[in-house]
Amino acid sequence: MQITIKYFGQIAEVTKLEEESLEFSGSLVSDLIEVLNKKYSKLINKDFQIAQNQELVSNETEITGQEIALLPPFAGG
Amino acid sequence: MKDKKPKSVFKEGAITSDFIGNSIYKHQTKTSIGAHNIFLGQVRADEIDGKTVSAIEYTAYEDMANQKSHDIRESAFEKFELTCMHIYHSLGTVKAGEICLFVFVSSPRRKVVFEALEFIVEAIKADVPVFGKEIFEDESHQWKKNT
């Protein structure tokens, strides 16, 4: 399926992109992380959480094709 | 699920003392209020490895951040007897010494506003996806992380 991924903060610095669409054939968040780690080798050392449809999800969550975002540590305030 | 887009909490640049003063002024017509409490987050000129932070450049996952702020607002109204509350967060560059977060709560009675303000500020720090790039005087940078 085609998914859209948004990148923020230091993650966007690594990917050099704020958003991209890619064809994803896995099923879980962990599969997606594996794909992205291969594509962007510097991601492996970065601290981030994944949001799907604007809610944080775990590695075992199924990717349903909605909006995915890679979020580095929060620094609000 | 969301039925409509929540109100934006973001303002471009620093939050000015005029804006804050004016917000207080606007509440003078709400005469059931007996107590306000205000939190102001200010950018600190931290010294890290001999370099001083001169500004923070804020970005956010705006849709999620506005939704999370809305959820915090809903739970604050559920937990505490509040008359009103407002959250404003900066986007873009905020220099050291300037204000980047303004939280304003009001209630008929004082005890409530102390508890409510702490609850709201802690929730913003933990749950709202805002990212901060700390810019040093020599224009190098590092990424801020809430502790």
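Ala, Val, Leu, Ile, Met, Phe, Trp, Tyr, Cys and Pro count here as nonpolar, Asp, Glu, Lys and Arg as charged, and the others, Gly among them, as polar. The model is predicted, with local features needing pLDDT of at least 70 and side-chain atom pairs pLDDT 80 or more, while totals for chains, interfaces and linings use all residues. Residues are numbered from 1 along each chain as written, chains are lettered from A in the order written, and side-chain values use heavy atoms, without hydrogens and water.

**Interface.** Select the residues of chain B in contact with chain A (heavy atoms within 4.5 Å): 27 residues of chain B meet 20 of chain A. Colour Tyr61(B), Phe131(B) and Trp143(B), which lose the most area to chain A, together 34% of what the chain B side buries; buried area is the accessible area (1.4 Å probe) that two parts lose on being put together, summed over both. By class, the chain B side has 13 nonpolar, 6 polar and 8 charged residues.

Next, show Lys145(B) and Asp47(A), whose side chains form a salt bridge at 3.3 Å, N to O (a side-chain nitrogen of Lys or Arg within 4 Å of a carboxyl oxygen of Asp or Glu). The two chains share 2 salt bridges.

**Largest pocket.** Centre on Tyr7(A), Phe8(A), Glu18(A), Thr59(B) and Ala60(B), the nearest to the pocket's centre among its 19 lining residues. A pocket is an open set of points on a 1 Å grid over the protein atoms alone, where a 1.4 Å probe fits, with protein on both sides within 12 Å along at least five of seven lines; lining residues have an atom within 4 Å of a point. The lining holds 8 nonpolar, 2 polar and 9 charged residues.
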